[in-house]
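Please open the model in your viewer and keep the selection tool at hand. The tour goes from one selection to the next and says what is found at each stop.

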Amino acid sequence: MLKNAGIFLILLAGTGIGYSKSRELTFREKNLRIFLQLVIFLKGEIRCGNMALPEAFQEIAGKLPGMYRDLLEKVSAELKKSQGFSLGEIFYRYSMEKIRGLPFSGEERELICSLGGRLGYLDREMQLRQLDLYEEDVLRCLDNLRREMPEKKKIYQSLGIMGGILLAVLLW
């Protein structure tokens, strides 16, 4: 009886691991969409609001949820202090801190952290052009992820179930 319960729990755990990895992909896609929204808001604030970057970050922070709000508020506060660090350094440091435990790929991490390096030292038109190029990069990452998601989700779920079955058979 106890052995059967253990085998059932192993099957359940394997299935749970597979579905957990599948949800990570959905989480990545959602966070990349929010980051794309951040870039679009930033373009709008620079183009139409004609704001300086610290004020633009502060304004956008109120429109975004969770970690992106915290990130932009910290970057804005640090830029207002202006202690000799460039926007690229400040944004990189705080973005790495915020996305440290999140399931982004290496390319996605670098893309997110590089936003500050593309801004801050250029005139308004160059910043808008840089943001256009940056938006294309984010869209490309998002499209790649969306294209891979259905296959990878099925693979993760199937491997989780099959791993649970394999362990159950080995323990039987």
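With which residue does Glu45 form a salt bridge? Select Glu45 and Lys63: these two form the salt bridge, and their closest N and O atoms are 3.2 Å apart. The term stands for a side-chain nitrogen of Lys or Arg within 4 Å of a carboxyl oxygen of Asp or Glu. Before going on, note that this is a predicted model, in which local features need pLDDT of at least 70 and side-chain atom pairs count only at pLDDT 80 or more, while totals for chains, interfaces and linings use all residues. Residues are numbered from 1 along each chain as its sequence is written, and side-chain values use heavy atoms, with hydrogens and water left out.

Now colour the helices, which are DSSP runs (H or I, at least four residues) numbered from the N terminus. Glu45 lies in helix H1 and Lys63 in the loop between helix H2 (53-61) and H3, so the pair ties together parts that are 18 residues apart in sequence. Glu45 is buried, with a relative accessible area of 10%, whereas Lys63 is partly exposed at 42%; buried means under 20% relative accessible area, exposed over 50%, and partly exposed in between, using a 1.4 Å probe and protein chains only.

Next, select Lys43 and Asp132, a salt bridge whose closest N and O atoms are 2.7 Å apart. Lys43 belongs to helix H1 and Asp132 to helix H6 (residues 124-171), so this pair ties together parts 89 residues apart in sequence. Lys43 is buried, with a relative accessible area of 11%, and Asp132 is partly exposed at 30%.

Then move to Glu108 and Arg28, which form a salt bridge with closest N and O atoms 2.9 Å apart. Glu108 sits in helix H5 (residues 106-113) and Arg28 in helix H1 (residues 2-47), 80 residues apart. Glu108 is buried at 2% relative accessible area, and Arg28 is buried at 13%.

For the last stop, select Met67, Tyr68, Leu71, Ser95, Lys98, Ile99 and Ile112, which line the largest cavity. On a 1 Å grid over the protein atoms alone, a cavity is a set of points where a 1.4 Å probe fits but cannot get out, and lining residues have an atom within 4 Å of a point. Helix H3 (66-81) and helix H4 (87-99) each supply at least two residues of this lining.

Terms used. 1 Å grid on protein atoms, 1.4 Å probe; cavity = no way out; pocket = protein on both sides within 12 Å on 5 of 7 lines; lining within 4 Å.
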